[in-house]
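Thank you all for making time this morning. I would like to walk you through one model, going from a single residue out to the domains and back again, so please keep the picture in view while I talk.

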Amino acid sequence: MENARIAEIFSEIADLLELKGGNEFRVRSYRNAARTVSELPQRLADLVAEEEDLTGLPNIGKSTADKIREIVERGTCKRLEDLRAEIPEGLTELLQVPQLGPRKASQLYRELEIQSLGDLRQAAEDKKIRDLEGMGAKTEEKILEGIETLASSTGRILYHTAAQYAESLGKLLDGMDAVKQWEVAGSLRRGKETVGDLDILVQADDRKRVAESVAEHDSVVETIGRGEEKMSVRLESGLQVDIRFFDPAAFGSALAYFTGSKAHNIAVRRLAQANDWKLNEYGLFKGENRLAGKTEASVYHRLNLPWIPPELREDRGEIEAAEEGRLPDLITEKQIRGDFHSHTERTDGRESLEEMVEAARDRGYEFLAVTEHSKALSMAKGLDEDDLKAHAEKIREADERYEDIWVLAGIEVDILKSGRLDLDEKVLEDLDWVVASVHSYFKLEEKEMTDRLLAAVHSGVVHCIGHPTGRMIGSRDPVRFDHDRLFEACRDHGVCLEINGQPDRMDLPDTLCKRAREAGVLLALATDAHHHVEFDFMRYALLVARRGWLGKEDVLNTRTVKQLRKHLGSK
DNA sequence: GCCGTTTTCGGCCCGACTGTTTTCAGTCG
């Protein structure tokens, strides 16, 4: 039983309770519990086995703790079974339709016996919905559109993709005289690996003109709503964009408000309430009197907090850390001196060694590790021992030619199913940098996978574990292993964990990053570039690192060549 | 159902927009 499944159960209970018309705060409790569970670094099943007290976890009280134990033992819980018996299957899928919430969904069920998306479409097409109390022709139309949107939407999209749309809209806004300032807020600003929609804040002289221009933008296919304060549009990709207009006096509080996360906002608002103040998107207020709002920092400062970087705003302890003056000094792009994972055309990269090295120099890097695949990945032309020796020689020759950059002769060696490395350790010993990665047998049982990874760490020739969880966002689950044991082993053997910046990997994920840091593990940021343009993926690795609370000291890439040589030499 | 320098009971974030209404409920973020 994985945490994700437990979280799903709590979400389903929340949905069903909502359809039933239950207490909205109880519903919220289940949703909060689902969030806590899904973000929890430890496996609940393990905590239950160890008879840990779960009520110490945020949003988990006695009742929820009991349910967690029940779910771990039985795979489900009575509460869910009872609700399912009471409310027809299919009704929850109606909640997925935009603009259709629990009230209308249950009304549709009660009055028209609608129990599925199919029923809903039929009723809308038959124009039966417009006759219901509180609904009309417009509602019917919205529902049909909502069903279409649902069918074509893919849910959350990669940060990388969302950032491209944001950039394109940003260009439009930059080009308008009426726009005085604009900022992207929401989960994109927080650097989350996936983004559900775009939130853009705009200060403008002529809101109407801005709204018109946005509505006419190439990538906009539909205007969902449009008012004085906000407008919502849908892009060709299905992505929803919310534009909100604010005056300068409220721009900072609005930015904070719409950056979220929701949980962070609630926690900050509680601090305001403790002073009998009110915090909303228009500012921090004492009665009618605005205490702060022009900048984000002014809002935080008035609440006796330092400004909190957006990447930390997840209610994962940042408020307490801010109160106690122990927020981490997060790593920045400028502190990155090199990249620890790249491929060339010798295996599955697309450019020559020289092209890659020169591009790294152009970025101002002081070092670059070239890490081709090993022979187990025959599809990728992986190297055997002799190939590797020859290639390492070639890399060292290149290193001689470029005085201002250290080209590390490296490898990304496969960790085989048994935990053995795919290449003779004698050959690996002569390299400057050895990344060991799992590229096969992703479904091993936790114990077997843990032993497999530990064997690589214990080998004595590995410097870094590549993309440690192996997850592909949206398409492949992370492999299962005992995180704490791997972290401890890495710390004790001086082995780094990689933060791979490929947009669909972003692996190690942020929450595990935070725990690896707490365990004393050193992280290595890397792009896994197969073409020099992918060196830009370092920004995604950086986002993960920042969301994982990493500072300069926690990251190997911040070392000078001299320090790095010393660090690697001492291994 | 959770939670506690206001509290173990009684709160729980709060405002914009839409469509249906003649003052508001539902949905969303």
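**From one histidine outwards**

Let me begin with His 467, which at 2% relative accessibility counts as buried. Please bear in mind throughout that what we are looking at is a predicted model. His 467 sits in the loop between strand E15 (464-465) and helix H21 (483-493), and although it is not a glycine, its phi is positive, at about 20°.

His 467 also turns up among the contacts of Ser 437, a list that, once neighbours within four places in sequence are left aside, reads Glu 412, Val 413, Asp 414, Ile 415, Gly 466 and His 467. Ser 437 itself belongs to strand E14, residues 433-437, and is buried, with a relative accessible area of 0%. Which side chain does the side chain of Ser 437 meet in a polar contact? The partner is the side chain of Glu 412, at 2.8 Å.

Let me now step back to the whole chain. Chain A is divided into domain 1 (3-153), domain 2 (157-245), domain 3 (256-323) and domain 4 (333-569), and the centres of domain 1 and domain 3, taken over C-alpha atoms, are separated by 30 Å.

As a general background, nonpolar side chains in soluble globular proteins tend to be buried together. In this model the largest nonpolar core has 99 residues, of which Leu 198, Val 210, Ile 465 and Leu 497 touch the most other members.

Strand E4, residues 197-204, deserves a moment of its own, because seven of its eight residues are buried, so the strand is largely enclosed by the rest of the structure. With strand E2 (residues 179-184), E4 pairs in the antiparallel sense over five bridges, and there Gln 181 stands opposite Gln 203 in E4. With strand E7 (residues 240-245), on the other hand, E4 runs parallel, joined by six bridges, and Ile 200 stands opposite Ile 243 in E7.

A further sheet is open and consists of three strands in the order E8-E9-E10, with antiparallel pairing. Strand E8 (278-280) and strand E10 (289-292) stand at the edges with a single partner strand each, so one side of each is left without a neighbour in the sheet. Neighbouring strands here are turned against each other by 35° on average, direction ignored. Between E8 and strand E9 (residues 283-286) there are three bridges, and Lys 278 has Phe 285 in E9 as its bridge partner.

A cis peptide bond, with omega about -5°, joins Gly 260 and Ser 261, the latter being in the loop between helix H13 (248-259) and helix H14 (262-274). The bond from Asp 507 to Leu 508 is also cis, with omega near 15°. Asp 528, though not a glycine, has a positive phi of about 60°, and it is buried, with a relative accessible area of 5%. By contrast, Glu 403, in the loop between helix H18 (385-401) and strand E13 (406-414), counts as exposed, at 81% relative accessibility.

Key: Residues are numbered from 1 along each chain as its sequence is written. Chains are lettered from A and ligands numbered from 1 in the order in which they are written. This is a predicted model: local features need pLDDT of at least 70, side-chain atom pairs count only at pLDDT 80 or more; totals for chains, interfaces and linings use all residues. Side-chain values use heavy atoms; hydrogens and water are left out. Two strands pair if DSSP finds at least two bridges between them. Helices (H or I, at least four residues) and strands (E, at least two) are DSSP runs, numbered from the N terminus. Axes are lines fitted to C-alpha atoms, for helices over the stretch in contact, and angles run from 0 to 180 degrees between N-to-C directions. Buried means under 20% relative accessible area, exposed over 50%, partly exposed in between (1.4 Å probe, protein chains only). A polar contact is a pair of N or O atoms within 3.5 Å; within protein, one must be able to donate a hydrogen and the other to accept it, and residues adjacent in sequence count only if both atoms are side-chain atoms. Contact means heavy atoms within 4.5 Å. A nonpolar core is a set of buried Ala, Val, Leu, Ile, Met, Phe, Trp, Tyr and Cys residues joined through side-chain atoms within 4.5 Å. Domain bounds come from an automatic or database domain assignment.
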